[in-house]
Amino acid sequence: MATMEMRKEIFADERDDNLNVIGKGVQRQDMPGHVTARTRFFDDHAFDGMLHLKVVRSPHHHARIRSIDVSAAERAPGVKRVLRGADVPVNKNTLLSLINFGKDDEPTLAVSKVSYKGEPVVAVIADSEAQALAARKLVRVEYEQLAPVFDVEEALKPGAPVVNETYPGNYFEYHQRFDHQKLRFGDVERAFAQADMVIEERYQMSPIEHAPTETNGSIAAPEHNDRYVVHSCAQGLFFSLGTTAKIVDLESNRLHFIGGTVGGGFGGKVDSLTEPLAVLGAMLTGRPVRYVLDREEEMLYGSPRGAERIYVKDGLMRDGRIVARSIRSYFDAGAYTRLSSYAAIKCTAHLPGPYWIPNVSSDVYVSYTNRCPSTAMRGFGVTAVDFALEVQMDRLAEAANMDPMEFRILNAYRDGDMKAHRRVAKNTALIECVQVAADRANWPLSEQARRASSLGGGAGERSQIPATQLDARGQIGRPDSRSGPPTQVLPPGTMRIPLSKQPIMDGARDGRATPTQVPRYEPQPVAPPPMPAYQPGSQAYQPPPAYAPPPAYQPAPSYQPPPAPPAPPPAAPSQHGAVRFSTVFGTRRR
C-alpha cells in the first residue's frame, strides 16, 4: 500500500490521509435490513381504502390537443376521479423555481399541447390498479400532430419547430437575456493561428436510463389537522416537498414527507414525477392515493441522463503544450428544463478540465427537443465533458508523439496557476494521481515525469490573466461594450466585479428576488493578487525552489480597497419554507 499513499508529505498540511474505511470490510448500516427483507420502502406502507392513480400519456412526440373526452372513463367501474390540467392548482412548474432560477415551463398535465411522447395528459383514480388501467383506455384525446425536432443543433436554427413555448427559441435563457453559458480567457483564435497543430473532434453521448430496481412512485394519505403524509422514494425529499406544495397550492407545513429509503436512484428520482398528483388525488378524494410508474413507464418516460454533443478544438505545439482550447457543447434538455440549466453551469465551471491552458473559449447551450425531459445522473454536467476531454487528450498525445500519461503531467494544473475562470488553482493533485496510477499499472514514466510535482506553479504567464478577446458580436464585458467592434479586448488583469449575494427586492413580483444584474467587467485596482509565488510588476522575480509562507502583505500606497457592499434588504416572506443560501447561483433560495 506504500505506493497508494498519494505522497502524504506533500499534502500533510491539507488533509488527513489516515483512512480507516478504504481497504477494510465495513458493514453498511442498512445491510441487515436489506438482506432480511425488513427494510421498508415507500410501497410497503399499506392504507385502508387506498386508491390507485394511472396516467394517460401522449402517443405523439409533438402534437396539439384538439379535444379530451373523459366521460366514459368517469362512468367506468371503480373510478373515483378523473383529473385534467384544469384540476391542477398550479399547472406549470420547473424544479429550480424553488431557488428562483428559470421560468416555470412544464405542466403537470398537458392542456393544449404535448411536447414529448409519454407526456401526461389525464390522470385516472380508481379503487384498484386494474380498474384504473381499464378506465385509462376509455379516455379519448384528439391530437393534431406537429413536426418534431430531435437534434440539439437543428432545434436552435431559425424556423425550427417550437418545442417549449416558454422558451420559443428552443434554448434556456440565463438571466432572462442570455442564450447560453459563455467562458472567455485570452485570445483563442490568435493562439490557434500560432499553434503547430489544430485538432478538432466531435463527441456525441446517448441518453441513459437509470433503470432503478424500484420505479418512481409515492403514496399520499390524508392526516389529522388537515395535513397529508407522503411516503416517497425521492432522492431530494425537500425538493419534492417544495415542488408538491407549489403545484397543489398548499403551505409546505401541511405536508409530511417520509423518505430516506430509495431502491436505486442515481439522480433519476429528483424530479417529483409522482408526488404532486398523488397528493392532489388525496386532497380531492379524501382517501390515500398510490401512484407508481410501471416498468415500461420508467424505461420510456422516466427522465434519463440527457444526451450531450460536445465539440473540442485544441491548438497544440510540437513539444506537447496545449496553447488553446475551444469547446462548444449542447445539452439535450428534452421538452422541458428540469435540471439541464444547472448542468450547463456545472459544465462551464469545469472547463477546460484539470489542465492549464492560456487561451480558453467555451459556449454551452441548453437545447429543447421533442424528447423525454432529461435530468440528473451521476455527475451530470461534468461526466460527459470529462469523457470527451480525456479522449481528446489521448488524441492530442498521439498527435504530439508523446506518452499519454506524461502528456497529462506536462499540461496539468499546478498550485498557483490561474484558471480560465480567473481563480487561482489550489490543492491540485492530478500529477501525483497520474504518477501513482502509472506505478500501480507498471506504466513506465521518464525520470522527469516522476519528479514532477503539483507544487511550484503560478509563476510568470501561468499566474496572469491575459487580455481577453471579445467575440464577433462583442458580447462579453460590460453591457455597453456589446455594440463594439470584434477587435475590442478586455485588458490584462480584468476581473469580474463580485456582485452582492443578496436578492434585490425592489420591484420584485410575488415576493421573489429580481434577477441579478448583468456582470460588469472593469480593470482591477493595481495590487498583487493573493498568490504565494508571484508579484505583479516585478518582471525579474523568480519563484523560490520550494514554497515558504510569505511575510505579512503590505498593500501598495496606490491601492484602495473596494467599498463594502450595501447591507442586504430584509427578505420577503417565503412560500416554500426557510430562506437558505445557494452557493451555486449566488442568490438566496426559498
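In the predicted model, strand β10 is joined to strand β15 (residues 308-316) by 8 bridges, and the two strands run in the antiparallel sense. Within this pairing, M197 has L316 of β15 as its bridge partner. Both strands belong to an open sheet of 5 strands, arranged in the order β9-β17-β16-β15-β10 with mixed pairing. The edges of the sheet are formed by β9 (181-185) and β10 (197-204), each of which pairs on one side only. From one strand to the next, the twist averages 5°.

In an α-helix, residues three or four places apart point the same way, because each turn takes 3.6 residues. Just after α13, N442 adopts a positive phi of about 55°.

The mean pLDDT of the chain is 84, with 77% of its residues at 70 or more. The pLDDT falls below 50 over residues 1-5, a stretch that has 6 contacts in the model beyond near neighbours in sequence. Residues 568-590 also have a pLDDT below 50, and this stretch has 52 contacts beyond near neighbours in sequence. Where pLDDT is low, the predicted coordinates should not be read in detail.

How values were computed
Residues numbered from 1 in each chain as written. Predicted model: local features only at pLDDT ≥ 70, side-chain atom pairs only at ≥ 80, totals over all residues. Heavy atoms only, no water. Helix = DSSP H or I, 4+ residues; strand = E, 2+ residues; numbered from the N terminus. pLDDT = per-residue confidence, 0-100. Contact = heavy atoms within 4.5 Å. Pairing = 2+ DSSP bridges. Axes fitted to C-alpha atoms, helices over the stretch in contact; angles between N-to-C directions.
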